[in-house]
Amino acid sequence: MEQKTMKALVYHGPEKISLDDVPVPQIIKDDDVIVRVTTSTICGTDIHIWHGGMPEVEAPRIIGHEFCGEIVEAGPAVRNVKVGDRCAISCVTQCGECFYCKRGTYSHCDTGSWIFGYMIDGCQAEYVRVPHANLGCHIIPEGLTDEDVLFVGDILSTGYFGAENGKIEPGDTVVVSGCGPVGMCAMATAKLWGPRKVIAIDLNQSRLDFAVANGYADMGLNPANCNVGDEVRKMTEGRGADVAIEAVGAKPTFDIAIDCVRPGGHVSVIGVFEKPVELAMNKLWIKNINISMGLVNANRIPELIGLIKDGKINMKPLQTHRAPLNDILKGYDVFGGKKDNCIKWVVTPYEK
Ligand SMILES: [Zn+2]
Ligand SMILES: [Zn+2]
């Protein structure tokens, strides 16, 4: 029998990616589905993988983990979705039955949690196999498009997770250190708790302006032009921010978050670090701050879809670039190189 093939972006080792012809995935376990990818994205993590920053990723591997699609085949144990459903898919796989899933810490599901484009083949392809489809597939409601909900499975869930861990209260001052796509998702969701002010921090002035123009942040502060910590303290009766969210995963942005937070405040880290960072415990212990970090649990996707449907969150402006799978290598160059003011590169189906 002739094997069906499809186009997919394949990682072949550090700095080596190509658009290849590969076999179409098939159902392996009873609760798998096969999804025809209708829209996907390139994420910052994909760029890390491409550059060899995640050596645990085995080549050859199809990359990509943020996507929407239509279910074209479902295993016999799939109950919650059916062939023909349009879904947004969680980047964190949840079996629902292991020690961690039972406690809501889905990011540590015994069966793998974040797997797409990492431990198993991902979504920068025409089709993808989705394990544990009963919990991972979220039906896109009537009236919403892929573009409306595209980020719920990854960066919007991550931003929300960062805001939630920050334990924001109404009237709080929140700083978000890093104004990339994840940082802007943290800003937009931080506003759900009714803070007094959300302050974006980044060296890239055009991103700060973008965050303010789209209502994600109330104002931007650029460390190239001011001492950010001093400015934040000036705005908060000398105290500092109640909540500081780190959304890059680097020493400078982490140090700014630590400097900005007031005694007794919360630092919530959602950036992905490549190197260790030193903590000045000798100065910090007396500040009574809380620091949290971790991989998103992605357990708020239904609520996020509801908020999008009712107009409370709109992350569509982040979709600055859009092209079919045919042009994905250009996407890695432009998005990965932060060229052309690209914030998010959206991938549409392969055009034959
Ligand atoms: Zn991602
Ligand atoms: Zn589990």
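Before any strand talk, my rule: two strands pair if DSSP finds at least two bridges between them. The strands (E, at least two residues) and helices (H or I, at least four) are DSSP runs, numbered from the N terminus. I am working on a predicted model, where local features need pLDDT of at least 70, side-chain atom pairs count only at pLDDT 80 or more, and totals for chains, interfaces and linings use all residues. Residues are numbered from 1 along each chain as its sequence is written, chains are lettered from A and ligands numbered from 1 in the order in which they are written, and side-chain values use heavy atoms, with hydrogens and water left out.

**Strands**

I started with strand E1 (residues 5-11), which runs antiparallel to E2 and is joined to it by seven bridges. Val10 has Ser18 of E2 as its bridge partner. The open sheet here has three strands in the order E2-E1-E4, with antiparallel pairing. Its edges are strand E2 (17-23) and strand E4 (61-62), each pairing on one side only.

Next I looked at strand E5 (residues 67-74). Seven bridges tie E5 to strand E3 (residues 33-42), antiparallel, and Ser40 finds its partner in Phe67 of E5. E5 also runs antiparallel to strand E6 (residues 86-89), this time with four bridges.

Then a parallel case: strand E15 (residues 321-324) and strand E16 (residues 345-348) share four bridges. I noted His321 with Trp345 of E16 as bridge partners. E15, H12 and E16 make up a β-α-β unit that is right-handed (with the strands pointing away from the viewer, the path from the first strand over the helix to the second runs clockwise).

**Rings**

How many aromatic pairs turn up in the whole structure? The search gives five. My cut-offs: rings of Phe, Tyr and Trp (its six-membered ring) pair if their centres lie within 6.5 Å, with planes under 30 degrees apart stacked, over 60 edge-to-face and the rest tilted.

Trp50 and Tyr332 are edge-to-face, because their planes stand at 85°, with ring centres 5.5 Å apart. Trp50 is in helix H1 (residues 44-50) and Tyr332 in helix H12 (residues 328-336), so 282 residues separate the two, and the pair links distant parts of the chain. Trp50 is buried at 16% relative accessibility, and Tyr332 is buried at 1% (buried is under 20% relative accessible area, exposed over 50%, partly exposed in between, with a 1.4 Å probe and protein chains only).

Tyr160 and Trp193 make a tilted pair, 5.4 Å centre to centre with 40° between the planes. Tyr160 sits in helix H5 (residues 155-165), while Trp193 is in the loop between helix H6 (181-190) and strand E10 (197-201), so the pair ties together parts 33 residues apart in sequence. I have Tyr160 as buried at 12% and Trp193 as partly exposed at 24%.

I also logged Arg103, whose charged end sits over the ring of Phe99, 3.8 Å from its centre (NZ of Lys or CZ of Arg within 6 Å of the ring centre and within 35 degrees of the ring normal).

Points are joined across faces, edges and corners, and the volume is the space filled by probe spheres set on them. I get one cavity of 30 Å³ or more. The largest cavity holds about 40 Å³, and its lining includes Tyr160, Phe161, Glu164 and Arg300.

Notes:
1 Å grid on protein atoms, 1.4 Å probe; cavity = no way out; pocket = protein on both sides within 12 Å on 5 of 7 lines; lining within 4 Å.
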